[in-house]
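Please keep the viewer open as you read.

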Amino acid sequence: MDAFTVPVASPALNIETPRLILRQWKDNDFAPFAAMNADPQVMEFFPSVLTREKSDEMATRCRDLIAERGWGIWAVELRETGKFIGFVGLHTPGYDLPFTPCVEIGWRLRADSWGQGYCSEAARAALDAGFTQLGLSEIVAFTALPNLRSQAVMKKMGMVSNPHENFSHPAVEKGSWLEEHCLYRLKRA
């Protein structure tokens, strides 16, 4: 991407699927989000679990970016119960990577929500919004090489990786088992 302009959606995007609502963050999302970010199982492929303070900072940043540009990393709730189960959304990485500028898709769900197809359902909807409503030509995803669960979701979305594009993540300690990341790409059909 040569000339990259971050798109703005007005009004802000809210996305609904048969089972899920991807929406702006609410104050009562912060506590379950912090509990999720403190779960070693959920955070297995991140350098560490997050403190309540760091988790709240992240949720606030997600909320502020959605307020600013109308899209971002959305809170995900179950349509039937309103229960917060994590996040799925689109983001512009804030650090220099070999493939930036770009828009990435990312997700993090509570462990008790795994294995039910929620991540794929929400990711498909977020990708669709990125391509159809924001007019993006490409969306990327990346994760630590050992994170096979996230890579499975990327493949399920039709994303494609090239081992020659693997990279050392600048926010991960040199020599860490999580340092090397793989990049997946999906172009607008």
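A few conventions come first. This is a predicted model, in which local features need pLDDT of at least 70 and side-chain atom pairs count only at pLDDT 80 or more, while totals for chains, interfaces and linings use all residues. Residues are numbered from 1 along each chain as its sequence is written, and side-chain values use heavy atoms, with hydrogens and water left out.

Let's begin with strand S4, residues 84-91. Helices (H or I, at least four residues) and strands (E, at least two) are DSSP runs, numbered from the N terminus. Seven of the eight residues of S4 are buried, so the strand is largely enclosed by the rest of the structure. Here buried means under 20% relative accessible area, exposed means over 50%, and partly exposed lies in between, with a 1.4 Å probe and protein chains only. Strand S3 (residues 73-78) runs antiparallel to S4 and is joined to it by five bridges; two strands pair if DSSP finds at least two bridges between them. Within that pairing, isoleucine 73 stands opposite glycine 89. The hairpin of S3 and S4 has five residues between the strands, and glycine 82 there takes a positive phi near 80°. S4 is also joined to strand S5 (residues 104-109), again antiparallel, by six bridges, with leucine 90 opposite isoleucine 105.

A second pairing involves strand S6, residues 138-144, where seven of seven residues are buried. S6 pairs with strand S9 (residues 180-187) in the antiparallel sense over seven bridges. Phenylalanine 142 has leucine 183 of S9 as its bridge partner. When you look along either pairing, keep in mind that in a regular strand the side chains alternate between the two faces of the sheet.

Now for the rings. A search of the whole structure finds eight aromatic pairs. Rings of Phe, Tyr and Trp (its six-membered ring) pair if their centres lie within 6.5 Å; planes under 30 degrees apart count as stacked, over 60 as edge-to-face and the rest as tilted. One of the pairs joins tryptophan 25 and phenylalanine 33: with centres 4.9 Å apart and planes at 70°, it is edge-to-face. Both tryptophan 25 and phenylalanine 33 are buried. Another edge-to-face pair brings together phenylalanine 142 and phenylalanine 167, at 5.8 Å centre to centre and 75° between the planes. This pair links distant parts of the chain, since phenylalanine 142 is in S6 and phenylalanine 167 is in strand S8 (residues 167-168), 25 residues apart. Phenylalanine 142 counts as buried at 12% relative accessibility, and phenylalanine 167 does too at 5%. Ring pairs also link Trp25, Phe33, Phe84 and Phe87 into a cluster.

Charges meet rings as well. The charged end of arginine 69 sits over the ring of tryptophan 71, 4.1 Å from its centre; the rule asks for NZ of Lys or CZ of Arg within 6 Å of the ring centre and within 35 degrees of the ring normal. Arginine 108 likewise lies over the face of phenylalanine 46, at 4.3 Å from the ring centre.

Arginine 69 and tryptophan 71 turn up again around proline 7, which is in contact with Arg69, Trp71, Leu134 and Leu136, leaving aside neighbours within four places in sequence. Contact means heavy atoms within 4.5 Å. Proline 7 lies in the segment before strand S1 (15-16) and is buried, with a relative accessible area of 15%. Proline 7 and tryptophan 71 are 64 residues apart in sequence, yet 8.9 Å apart in space, C-alpha to C-alpha.

Proline 146 sits in the loop between S6 and H4 and counts as partly exposed at 29% relative accessibility. Beyond four places in sequence, proline 146 is in contact with Phe45 and Trp177.

Helix H4 (residues 148-156) holds glutamine 151, which is buried at 9% relative accessible area. The side chain of glutamine 151 reaches the backbone oxygen of leucine 145 at 2.8 Å. Residues that glutamine 151 touches, not counting those up to four places away in sequence, include Leu145, Cys182 and Tyr184.

How many disulfides are there? The count comes to zero, with a disulfide being a pair of cysteine sulfur atoms within 2.5 Å. For cysteine 102, the nearest cysteine sulfur is that of cysteine 182, 14 Å away. The sulfur of cysteine 119 is also 14 Å from its closest cysteine sulfur, in cysteine 182, too far for a bond.

Conventions
A polar contact is a pair of N or O atoms within 3.5 Å; within protein, one must be able to donate a hydrogen and the other to accept it, and residues adjacent in sequence count only if both atoms are side-chain atoms.
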